[in-house]
Amino acid sequence: MYIATARQAPAAGGTGRIAANVLALGAVSLLTDVSSEMVTAILPLYLVLGLGFSPLQFGVLDGIYTGVTALVRVAGGHAADRWQRRKLVAGLGYGISAVGKLGLLAAGTSATAMGLVLAGDRTGKGLRTAPRDALITLSSEPSALGRAFGVHRAMDTVGAFLGPLVAFCLLWTLPARYDVVFVVSFCFAALGFLVLVLFVRDHRDVLPRVAVSLRNAFGLLRSRPFRRVCLVACGLGFLTLGDGFIYLLLQRKLNVEVAYIALLPLGTAGVYLLAAVPMGALADRVGRWRIFLFGHLALLGAYVLLAGTSGIALLAGVLLLHGLFYACTDGVLMAVAGPLMPDELRTSGLALLQTGQVLARACSSVLFGALWTWFAW
């Protein structure tokens with residue numbers, strides 16, 4: 001079984017500056033997240049309160065929305081490494097997700113059709129995430145990976161902040177016109193794809209021409225440090241509720257008006273936006289593992305508030321801790337894992353890690369949806 005030693009990424013002169021490629025990928029993610037978060041923000045409203053889906057049905061769909069990426073992440077990551085075409089594979093993923101927004105128009109009230117459309121959208125996400133993150137690690141200095149991911153995730157979160165706001169404004173102006181939201185979402189996704197094509201540079205010239213195989217990719221799990229990262233990420237992922245459930249619980253406990261549900265993710269996104277770069281830089285200084293674990297303690301605090309608090313303290317506390325959780329974990333985990341694998345298997349390894357994490361979160365969504373339905377919480 002092949003296990004290579006990670007080779008240091010080019011230091012780009014040791015300037016500590018954020019590479020232009022990282023900024024370009026951040027712009028792509030910003031536009032794409034405006035698109036995806038427009039849909040994510042209204043999905044609980046649309047499915048549970050609009051179409052009358054039960055919490056169990058929503059849990060299954062949320063699990064599909066989260067977990068279907070596992071079916072393509074490893075294959076997409078392997079293809080990107082083998083062909084040294086990370087930009088091409090990422091572009092394919094962005095394109096599929098963009099088209100999927102139009103598919104929401106045709107799904108109607110059918111849970112099956114909605115599940116298929118969401119599966120297609122998440123297939124695109126599964127294809128693009130690992131190649132994008134691999135490009136960030138290969139474009140950045142190893143000592144500043146936390147900051148590079150923090151900058152990228154901050155730009156990404158600008159989109160996550162704007163998406164629900166755009167969706168809210170559209171539904172406020174045109175009540176119940178979900179079709180308009182889906183069309184505008186497609187337009188943002190298409191613009192993000194265009195930015196990728198025009199401004200993102202691939203890294204085919206950096207890597208050695210070596211044999212890349214799925215066997216070698218899975219062989220990375222024989223490395224104790226990488227295996228530990230995967231096990232911890234999967235274990236904690238199983239304890240992580242989907243965002244939709246958190247916002248539905250807030251709506252239930254606070255009796256938030258239906259029209260305002262789409263605004264709840266703004267609180268999470270706002271905290272994430274402000275904290276992503278500082279937490280990424282802090283992770284580089286004090287240890288990425290410490291910040292990653294601190295983020296999950298923040299999430300635990302949000303769960304405690306949901307279980308026993310009410311009023312404005314509940315709303316502010318949950319959204320603050322939820323945003324801090326993402327700022328401390330999302331990009332930081334990739335910064336932890338990136339240096340643990342060789343460049344030629346970077347995308348495959350990140351895809352393997354992300355696959356385990358999303359499968360665990362998918363199981364969590366289905367289980368919580370079933371418990372909510374059966375116990376009539």
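Student: At roughly what angle do the axes of helix H10 and helix H12 cross, and within what distance do they come?

Tutor: This is a predicted model, in which local features need pLDDT of at least 70 and side-chain atom pairs count only at pLDDT 80 or more, while totals for chains, interfaces and linings use all residues. Residues are numbered from 1 along each chain as its sequence is written, and side-chain values use heavy atoms, with hydrogens and water left out.

Two packed helices are described by the angle between their axes and the distance between the axes. For H10 (residues 243–254) and H12 (residues 288–308), the axes cross at roughly 30 degrees and come within 10 Å. Axes here are lines fitted to C-alpha atoms, for helices over the stretch in contact, with angles running from 0 to 180 degrees between N-to-C directions. Helices are DSSP runs of H or I with at least four residues, numbered from the N terminus. H10 and H12 are therefore roughly parallel to each other (an angle under 35 degrees). On the H10 side, the contact (heavy atoms within 4.5 Å) is made by Ile246, Leu249, Leu250 and Lys253, and on the H12 side by Tyr303, Leu305, Leu306, Ala307 and Gly308. These residues divide into seven nonpolar, one polar and one charged; Ala, Val, Leu, Ile, Met, Phe, Trp, Tyr, Cys and Pro count as nonpolar, Asp, Glu, Lys and Arg as charged, and the others, Gly among them, as polar.

Leucine 239 sits in the loop between helix H9 (224–238) and H10. Leucine 239 is exposed, at 54% relative accessible area (exposed means over 50%, with a 1.4 Å probe and protein chains only). Its C-alpha atom is 9.7 Å from that of leucine 299, 60 residues apart along the chain.

Key
Helix = DSSP H or I, 4+ residues; strand = E, 2+ residues; numbered from the N terminus. Parallel < 35°, antiparallel > 145°, perpendicular 65-115°, else oblique. Buried < 20%, exposed > 50% of the residue type's maximum accessible area, 1.4 Å probe, protein only.
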